[in-house]
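User: Please examine the model shown below and answer a series of questions about its architecture and selected residues.

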Amino acid sequence: MKKHILTLSLLISAVVLVACGDDEATTSGESNGDDVEEMTIKFSHVVAENTPKHQGALAMKEYIEKESDGAIEVEIYPNSSLFGDQDEYQNLVSNNVQFIAPDLSKFVGNNPQFNVPSLPFMFDNDEEAIKFWDGEKGQEILGSLEGDGVVGLSMWPNGGKHVTNNERPIDSPDDFEGLKFRTQGGQVLEAVYAALGAGSESIPFGELYTALDQGVVEGQENTFSNIESKKFDEVQKYMTVMNHTRVDYAIFTNTEFWESMNDATKEIVEAGIDEGTEVAREEAKSLNEKALELIRERGQVEIIELTPEQIEEFRTTLEPIYDEFEDEIGADVYEAAREAAK
């Protein structure tokens, strides 16, 4: 009888040990299994659906859900419907959301090198900006937030920015004098507007339409797709086509989440991000072109298109900013950006 009891006890102990081992492997994300893990991934962003960012997010979602046979569900929250500019990063750090795609200028407080899209007239087009961020120096900057438990994966362009305002047509640096503009924030953008004799204020994107309507600021700067999709032309009188600075995004994820996936799951998610990146990059130019045509058709703003001579006047006015921030951003970053801009 005692022999049977001992045998039974040993069997129970073995079962318990195996069960505990399986549980530890699953929760640590180190399972050697080939099965795709079932999970729900949340992707939060602050812009509208008819923008390059959202189209990229949709492509990412469709690929991941299809290739995982529905094991992975991707929930997309546009228009600041889950988290806004002020709190999306903190919630990514806390793993309350797994992907965000913020304007890179939002991270200048973490690393001043994220000011690159704000350098005046650095890049003429999306291709030049993509070349920088896909290069060694750009990837180094995207990886600089790992101390917060966040990793940057891939740059998604939005395009060059243009200026709208309610006071007067702008076609020279002097026309900025005394006006206040909403910007995405950051040391370089503040310096740009100060050099033009204007004020700048950082207002969450989701609150910008109301701020313009109520006169909190006289103007703002943004891409054509953001101006059109948020209907800023309804509450502005003038738009100057400038392409002086840029809005560029990147996909960021929580490091703990990223490292917890088994190989089969991560392979699908990574491929989904690649798919989303390709679509976002393709859509950026075409959606901005379509947005400009829609703004023209609506006819609610006077559109000012600068001549090459007028653009050169702006370049000359803003050139000292490069010297002002060279030590902070880095001569090596300037060199890599200028090389990409060739």
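User: In which strand does Glu302 lie?

Analyst: This is a predicted model, in which local features need pLDDT of at least 70 and side-chain atom pairs count only at pLDDT 80 or more, while totals for chains, interfaces and linings use all residues. Residues are numbered from 1 along each chain as its sequence is written, and side-chain values use heavy atoms, with hydrogens and water left out. Helices (H or I, at least four residues) and strands (E, at least two) are DSSP runs, numbered from the N terminus. On that basis, Glu302 belongs to the run of residues 302-305, strand 11.

User: Is Glu302 buried, partly exposed or exposed?

Analyst: Buried means under 20% relative accessible area, exposed over 50%, and partly exposed in between (1.4 Å probe, protein chains only). The relative accessibility of Glu302 is 42%, so the residue counts as partly exposed.

User: Which residues does Glu302 touch, not counting residues up to four places away in sequence?

Analyst: Contact means heavy atoms within 4.5 Å. With residues up to four places away in sequence not counted, the partners of Glu302 are Pro169, Lys237, Tyr238 and Met239.

User: How far apart in space are Glu302 and Asp263, C-alpha to C-alpha?

Analyst: In sequence, Glu302 and Asp263 are 39 residues apart. Helix 10 covers residues 263-298. From C-alpha to C-alpha, the separation of Glu302 and Asp263 in space is 54 Å.

User: At which residue does helix 10 bend?

Analyst: The bend at a residue is the angle between axes fitted to the seven residues ending there and the seven starting there. For helix 10 this angle is about 35 degrees, and its place is Ala284.

User: Which residue just after helix 10 takes a positive phi?

Analyst: The phi value in question is about 65 degrees. The residue that takes it, just after helix 10, is Gly299.

User: At what angle do helix 12 and helix 13 pack?

Analyst: Two packed helices are described by the angle between their axes and the distance between the axes. Axes are lines fitted to C-alpha atoms, for helices over the stretch in contact, and angles run from 0 to 180 degrees between N-to-C directions. Helix 12 (residues 320-329) and helix 13 (residues 331-340) have axes 7 Å apart and pack at an angle of about 115 degrees.

User: Which residues make this contact, and how many of them are nonpolar?

Analyst: Helix 12 contributes Ile321, Tyr322, Phe325, Glu326 and Ile329, and helix 13 contributes Ala331, Val333, Tyr334 and Arg338. Ala, Val, Leu, Ile, Met, Phe, Trp, Tyr, Cys and Pro count as nonpolar, Asp, Glu, Lys and Arg as charged, and the others, Gly among them, as polar. By these classes, the contact of helix 12 with helix 13 has no polar residues and 2 charged residues, and its nonpolar residues number 7.

User: Is Glu335 buried or exposed?

Analyst: Glu335 has its place in helix 13. Its C-alpha atom is 9.7 Å from that of Lys137, although Glu335 and Lys137 are 198 residues apart in sequence. The relative accessibility of Glu335 is 59%, so this residue counts as exposed.

User: Is Phe121 buried or exposed?

Analyst: Phe121 is found in the loop between strand 3 (99-100) and helix 4 (126-134). Its phi is near 60 degrees, a positive value in a residue other than glycine. With a relative accessible area of 8%, Phe121 is therefore buried.

User: What does Asn243 count as at 21% relative accessibility?

Analyst: The loop between strand 9 (238-241) and strand 10 (246-254) holds Asn243. Phi of Asn243 is near 60 degrees, again in a residue other than glycine. Because its relative accessibility is 21%, Asn243 counts as partly exposed.

User: What is the relative accessible area of Leu92?

Analyst: Leu92 lies in helix 3 (residues 88-93). Leaving aside neighbours within four places in sequence, its contacts include Val150, Phe252 and Thr253. Leu92 is buried, and its relative accessible area is 0%.

User: How many helices and strands are there in the protein?

Analyst: Of the 342 residues of the protein, 51% count as buried. The C-alpha trace spans about 100 × 45 × 35 Å along its principal axes. The protein has 13 helices and 11 strands.

Terms used:
Expected span 1.5 Å × (residues − 1).
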